[in-house]
Amino acid sequence: MQSKKERVKVGRERLQRIIEMCKAVEERGLDPFLVDVDEIIRVVREFFPDWEQPEDLCLDAEAINRLASVIKLQSEWVKHRSTSLYTDPFLLEEKIKNLDKEAIVDAFLGAWHPIVELEQISLYSLKEALLYWENLPPLKDRWKEFPPLEEAGGVASREELLRLKILRDKAFTEELENFWSELKRLVAERGENGKIRYWDFVGAETYEETVYRAFLTSFLVTYGYATLEVHPLEEEIFIKPFERQQRRTAKKQMVSLPIAITREEWEKWRRSVKAQ
C-alpha cells in the first residue's frame, strides 16, 4: 500500500512531466496532437484530492494552464487544415504516387509556362529558304534596277581648298615654327623660369582663334617643340618651349593630356585678363 507521502511525491513528478511536455510542444512547434489531452486530465483529477500545500495547488494550476495552451494550438491547427487552399502534403504525395505517367504529363503541361524560347531552323524553314533562292532573279538582272549615279569629276583649285580650309595660305611646318618662335618670345617677355601659363599663351581675342592656337600648341608638344608642365594641386598648366626641336625616341612612352577649351573657360580667362 502506497503511503500518503509517497503518493504526493509521485503526483508532483507526474504533473512536472506534463508541464515540461506541454511547454516543449508550445515552444518548439511540435505537433500538438502528440499530447493526449484525456490522459492528462485523468492524471490531474487522480492526484487533485491529495494536494494540501499551496505549492502543490500552484503546480496543478500550471499543468492545467499549459494543457489549455496545447488545446489552443490543436484548435488553430484544425482551423488551418480546414481552409480550402490547404492540401495535406501526405495526401498530395499519395495522390501523385497513384497517378499514371500520362496523367502526370498532362498536369505538368497544364501548369507549364515557359519563359525562355529556343529558336532553331527546321525542315519547313529550310524548304522556304530554298524556294526563295530558286525564285530569286540573277544578280545582273537585279542590278539593272539601280542605274549607276552620274558623278561629275573635276580638279579643285588651291583657292578653293583654301576656302574650304583644307589648305592654309602658309605651309603648316612654316606656320608651326612661327608659332614656336612666338612662344619663345612670350616666355622671354612674360614668362617665368622659362615657361608661361597655358591659357596666357593660347588665349586670344576671339574664342575661335583660341581654339586654333590650342590646336597648334598640341602639335608643338607632339613634334617636340615644347613640353607641358601640369601642377594638379594648383590646377595650373604651363607650356615650356625647347631651344631646339626634341626628337622622340621609340623607348620613351608618349602620354596624352586632354585639355578642354570650352567657351566658359575662355570667358573666365578673358575676365581675368581685363581685371589685370
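**View A. Helix α3 in a predicted model.** Helix α3 covers residues 54-81, 28 residues in total. From first C-alpha to last, α3 reaches 41 Å. That is close to the 40 Å expected at 1.5 Å a residue. The model shown here and in the other views is predicted.

**View B. The buried residues of α3.** Buried positions in α3 are Asp-56, Leu-59, Asp-60, Ala-63, Arg-66, Leu-67, Val-70 and Gln-74. Their cover includes two other helices, α1 (4-28) and α2 (37-47).

**View C. A nonpolar patch on the surface.** Four residues form the patch: Leu-92, Ile-96, Leu-99 and Ile-104. Together they have about 320 Å² of accessible area. Leu-92 belongs to helix α4 (residues 89-98). Its relative accessibility is 42%, so Leu-92 counts as partly exposed.

**View D. The open sheet.** Three strands line up in the order β1-β3-β2, with antiparallel pairing. β1 (196-197) and β2 (226-231) are the edge strands. Each has a single partner strand, so one side of each lacks a neighbour in the sheet. Two bridges join β1 to β3 (residues 236-241) in the antiparallel sense. Arg-197 stands opposite Phe-238 of β3.

**View E. Salt bridge between Arg-7 and Asp-50.** The structure holds 14 salt bridges. In one of them, the side chains of Arg-7 and Asp-50 meet at 2.4 Å, N to O. Arg-7 lies in helix α1, and Asp-50 in the loop between α2 and α3, so the pair ties together parts 43 residues apart in sequence. Arg-7 counts as partly exposed, at 23% relative accessibility. Asp-50 counts as buried, at 11%.

View F. Glu-39 forms a salt bridge with Arg-42. Their closest N and O atoms are 2.7 Å apart. Both residues lie in α2, three residues apart, or about one turn of the helix. Glu-39 is partly exposed, with a relative accessible area of 33%. Arg-42 is partly exposed too, at 41%.

View G. Arg-263 forms a salt bridge with Glu-208, with 3.8 Å between the closest N and O atoms. The pair links distant parts of the chain, 55 residues apart. Arg-263 is in helix α12 (residues 263-275), and Glu-208 is in helix α11 (residues 207-222). Arg-263 counts as partly exposed, at 38% relative accessibility. Glu-208 counts as exposed, at 52%.

Note on methods: Residues are numbered from 1 along each chain as its sequence is written. This is a predicted model: local features need pLDDT of at least 70, side-chain atom pairs count only at pLDDT 80 or more; totals for chains, interfaces and linings use all residues. Side-chain values use heavy atoms; hydrogens and water are left out. Helices (H or I, at least four residues) and strands (E, at least two) are DSSP runs, numbered from the N terminus. The expected span of a helix is 1.5 Å times one less than its number of residues. Buried means under 20% relative accessible area, exposed over 50%, partly exposed in between (1.4 Å probe, protein chains only). Contact means heavy atoms within 4.5 Å. Patches are made of residues with over 30% relative accessible area and no salt bridge: like charges are joined within 9 Å, nonpolar side chains (Val, Leu, Ile, Met, Phe, Trp, Tyr) within 5 Å. Accessible areas come from the Shrake-Rupley method with a 1.4 Å probe; for residues, only the protein chains shown count as cover. Two strands pair if DSSP finds at least two bridges between them.
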